[in-house]
Amino acid sequence: MTDAQRSGCPINLSLEVLGDKWSLLIIRDMMFGNRRHFRELLTKSEEGISSNILADRLKTLLDEGIITREDDPSHKQKGIYSLTEQGIELLPVLAQMAAWGYKYLPVTEELGIRARLLSEGGPKLWAEFMDELRENHLGIKRRKRPGPSVGERLQAAYESVVKSAVGGTP
């Protein structure tokens, strides 16, 4: 334990890394939105993070080993952010937070649909989704399952709710 840490409690230590207003939202956007570039993380999040806060949080997540950054081969000044195994293993934490929020807070249907599906799917679905994230972020090949991936199913459910909310049919 260092002097900068308040205690050796695992909840405290986790909060010292992830407990600010933005870090878990950045991880959420990388997991569920496949946002991997600074500009995507800056502009495609509903919450509206500022560029200096995003840069600071990305640096913290990099320093803590939750994400990595590699140069983008298509553009020398861009970087591609990826989740590490530590970052991927935050999925159950985010799924549980989302389930709690869905149950107790006034979430919108379109932003709550993924929470509902992850809650209903439970640990088996989370494990499948983490394997997909490992393939996308770490390059670890997984055994393909028939049908759409978890990420595709979550995205399709979101798009269906959005479509029905604007007067279309699900």
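Colleague: Is Tyr104 buried, exposed or partly exposed?
Modeller: Tyr104 is partly exposed, at a relative accessible area of 49%. Buried means under 20% relative accessible area, exposed over 50%, and partly exposed in between (1.4 Å probe, protein chains only). This is a predicted model, where local features need pLDDT of at least 70 and side-chain atom pairs count only at pLDDT 80 or more, while totals for chains, interfaces and linings use all residues. Residues are numbered from 1 along each chain as its sequence is written, and side-chain values use heavy atoms, without hydrogens and water.

Colleague: Where is Tyr104?
Modeller: Tyr104 is in helix H6, residues 91-104. Helices (H or I, at least four residues) and strands (E, at least two) are DSSP runs, numbered from the N terminus.

Colleague: Now helix H4. Which of the residues of H4 are buried?
Modeller: Leu54, Arg57, Leu58 and Leu61. They cover an arc of only 105 degrees around the axis, so they sit on the same side of H4. The arc is that of the directions from the helix axis to the C-beta atoms. On the other side of H4, Asn52 and Asp63 are exposed.

Colleague: What covers the buried residues of H4?
Modeller: The cover includes helices H1 (10-18), H2 (23-32) and H3 (38-43), and strands E1 (67-72) and E2 (75-83). Contact here means heavy atoms within 4.5 Å.

Colleague: Back to Arg57. Which side chain does Arg57 meet in a salt bridge?
Modeller: That of Asp20, at 2.8 Å, N to O. Arg57 lies in helix H4 and Asp20 in the loop between H1 and H2, so the pair ties together parts that are 37 residues apart in sequence. A salt bridge is a side-chain nitrogen of Lys or Arg within 4 Å of a carboxyl oxygen of Asp or Glu.

Colleague: How accessible are Arg57 and Asp20?
Modeller: Arg57 counts as buried at 16% relative accessibility, whereas Asp20 is partly exposed at 28%.

Colleague: How many salt bridges does that rule give?
Modeller: The count comes to 15. One of them joins Glu120 and Arg116, with the closest N and O atoms 3.2 Å apart. Glu120 and Arg116 are four residues apart in helix H7, so about one helical turn separates them.

Colleague: And which residue does Glu128 form a salt bridge with?
Modeller: Arg153, with the closest N and O atoms 3.8 Å apart. This pair links distant parts of the chain, as Glu128 is in helix H7 and Arg153 in helix H8 (residues 150-165), 25 residues apart. Glu128 counts as buried at 12% relative accessibility.
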